[in-house]
Amino acid sequence: MNAYMPYVLCMILFSIGVYAILAKRNIIKIILGVVIAEYAGNLFLILVAYKAGGRSAIFSETQVILPDSMVDPLPHALVLTSIVIGLATTAFLIALAIRLYGKYGTFDITRMRELRG
Amino acid sequence: MISESIVPLFVAIPLGGAFLIALLKRIKGIPDIFGVVASAGTFIISILFLLKMEITPRIIYNIGNWGGFNEVLGKIVGIQLVIDGLTIFMLLIINFVAFIVAVYSVNYMTRYTEKWQFFCLFLLMLAGMNGVLITGDLFNLFVFVEIASLASYALVAFGTEKRELEASFKYAVMGSVASLLILMGVIFLYSYTGTLNMADMTGILAGSEQPALMYLVFGLLLTGFGLKAAMVPFHAWLPDAHPSAPAPISAMLSGVLIKALGVYAIARVFFTVFGFPHQISIILLTLGAISMGVGALVALRQWDMKRLLAYSSISQVGYIMVGLGIGTPLGILGALFHLFNHSMFKSLLFLDSGAVEYAAGTRDMKEMGGLSRKLPVTSGSTLVGAMSLAGIPPFAGFWSKLIIIIALVEASHMKLAAWAVLMSIVTIAYILKVTRFAFLGALRDRFANIKEVPLLMRISLILLALVCIFGGLLLIPEVRDTFLEPAVRVLISGMRGGV
């Protein structure tokens, strides 16, 4: 276990997501792959902000808190935006999946072959 | 009157328009009026900014007035909106095409139900694209890319038939992966530089020796934006997605979306932030040359009119990429001028294909023939767009291709220049197929009773055709100095020449 371990695990999570997108035939599993990869991205954003022993970025009137002892607050704001975007994408993909199921009666992507050439 | 405080209107007008359309959808005519007025409004504002450009070449607006922290902390905290020569160039193109497309859609979209949803999504997409252009903050750029992309996924699926849904799913999954890669690249850059502001980032990256990590960032951002720009080998979604959308949206997607989200973002990030390293030049030249060839050769064997045009877009974006990749002032001028021309003639051709579909009810060129007698305006404007695309001399497309090829020769890329000439001959071949099979020849009996398209559609076709004919006038020195040169200067001044 060293300090790089969280980053490596995060990248493995991202790879799992990308693998699911590329290799799976079921639409729902592809969507899950997108979600997993998205969460790996969000996790990475938080990891970038992390500082060992850092505290939240709030100043206090009663004690002296140096800015250097805080974790970086900006990625926390960014990750919220990123999560909301992920939510919108996922909702849209699932809505599409429902409509696709209604048209084809299957979730198998290899049986949807209207577009060729 | 034109001060920096109205910069946010580029995003606020379409966003507010989309909101009001969704709110007032029950009142007849509201979606049409708001759609046209909002896109006309942003176009007028971009003209006003163009006129102001000569006095102040770089306008900066701090959102929420957070700019004051610059003096205290020594770095920019809030989001900045920046308008410079390149931004204003792209804003004019995009808002002009959007305005034309909105006018065209008023008649065209009566074929579909729920017109308000169309205009709502259309304005959201416009807001996203304008946002991508004016933002000076890298994470903000990602957010606007996502707004425009999500609206375009939904618009591709607008017909909700088998084809549309399948194309939209493919596009949405690939688009999401692209966005993730862009986000990863942005995070890596943030963790290295400690800022998201592009101007700050440029300063930090220029002042230090860059680590090997930068190559990873190049790869992530180039793949992400390359997917949005549909460069080969990231093009698989485009020939499905662009033909499946309603014709006005095909015109928006092929005409401006791939340029705002792809080409502009690549130019902005790699030229002004990274200073155009040598490796990127090689990658852009290679991928551009491959896109040029693959797009043109595959387009030759298409029979669906819109699918042929979609492959042609891949090929033409290849020309733009090659022009940018040369990295000389002439090459960049050619690339930006070709970007302008491609927006105009490809929107025109897609709108024409929609007009044919509106009148004759088919997109398959094998079933058409002799339509020029029944559809004089449509066939005339298609001919103008086709000539511009093929690069026949007086038309605008000829000049931009000529400039790119001259720039290639000057930079002694002889093989690439020969390749570009060869591919422009293939371009003539596939675009003549459209005019030959769709509009010339004998008229079929089943088309004996078709009528020319409604007035508003004709007006928008004629306007775009006029731009295609007279676009070459942009090269007159006085016009070039106000419109093209400032954009070229922005990219040239960003170049530092490498890692």
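Predicted model: local features only at pLDDT ≥ 70, side-chain atom pairs only at ≥ 80, totals over all residues.
Trp66(B) touches Val77(B) and Gly78(B), leaving aside residues up to four places away in sequence. In the A–B contact, 24 residues of chain A meet 26 residues of chain B.

**Around Trp66(B)**

- You'll find Trp66(B) in the loop between β1 and α3 (69-73) of chain B.
- For a sense of scale, take Ser250(B), which is 184 residues from Trp66(B) along the chain: the C-alpha atoms of the two are separated by 39 Å.

**The strand pair in chain B**

- Strand β1 (residues 59-62) of chain B pairs with β2(B) in the antiparallel sense, over four bridges.
- Within that pairing, Ile60(B) stands opposite Val82(B) of β2(B).
- In a regular strand, side chains alternate between the two faces of the sheet.
- Strand β2 (residues 80-83) of chain B is covered on both faces: Gln80(B) and Val82(B) are buried on one side, and Leu81(B) and Ile83(B) are buried on the other.

**α1 against α5 in chain B**

- Helix α1 (residues 9-23) and helix α5 (residues 115-134) of chain B cross at roughly 165°, and their axes come within 8 Å.
- Angles over 145 degrees count as roughly antiparallel, so α1(B) and α5(B) are roughly antiparallel to each other.
- The crossing of α1(B) and α5(B) is left-handed.
- On the α1(B) side, the contact residues include Phe10(B), Val11(B), Pro14(B) and Leu15(B), while α5(B) supplies, among them, Trp116(B), Phe119(B), Cys120(B) and Leu123(B).
- By class, the contact of α1(B) with α5(B) splits into 15 nonpolar, three polar and no charged residues.

**α12 against α13 in chain B**

- Helix α12 (residues 278-300) and helix α13 (residues 305-326) of chain B have axes 7 Å apart and pack at an angle of about 155°.
- That angle makes α12(B) roughly antiparallel to α13(B).
- Where α12(B) passes α13(B), the crossing is left-handed.
- What classes of residue make up the contact of α12(B) with α13(B)? There are 17 nonpolar, eight polar and no charged residues.

**Where chain A meets chain B**

- On the side of chain A that touches chain B, the elements giving two or more residues are α2 (27-49) and α3 (74-104) of chain A.
- The biggest giver there is α3(A), with twelve residues.
- Sorted by class, the side of chain A that touches chain B has 16 nonpolar, four polar and four charged residues.
- One helix pair spans the two chains here: α3(A) packs with helix α6 (residues 138-156) of chain B at an angle of about 10°, with their axes 11 Å apart.
- That makes α3(A) roughly parallel to α6(B).
- From α3(A), the contact uses Leu78(A), Thr81(A), Ile85(A), Ala88(A), Thr89(A) and Phe92(A).
- From α6(B), the contact uses Phe139(B), Val143(B), Glu146(B), Leu150(B), Tyr153(B) and Ala154(B).
- The contact of α3(A) with α6(B) comes out as nine nonpolar, two polar and one charged.

How values were computed. Residues numbered from 1 in each chain as written. Chains lettered and ligands numbered in written order. Buried ≥ 20, exposed ≤ 12 C-beta atoms within 10 Å, placed from the backbone. Pairing = 2+ DSSP bridges. Axes fitted to C-alpha atoms, helices over the stretch in contact; angles between N-to-C directions. Parallel < 35°, antiparallel > 145°, perpendicular 65-115°, else oblique. Left-handed = near helix turned anticlockwise from the far one by under 90°. Nonpolar A, V, L, I, M, F, W, Y, C, P; charged D, E, K, R; others polar. Contact = placed C-beta atoms within 7 Å.
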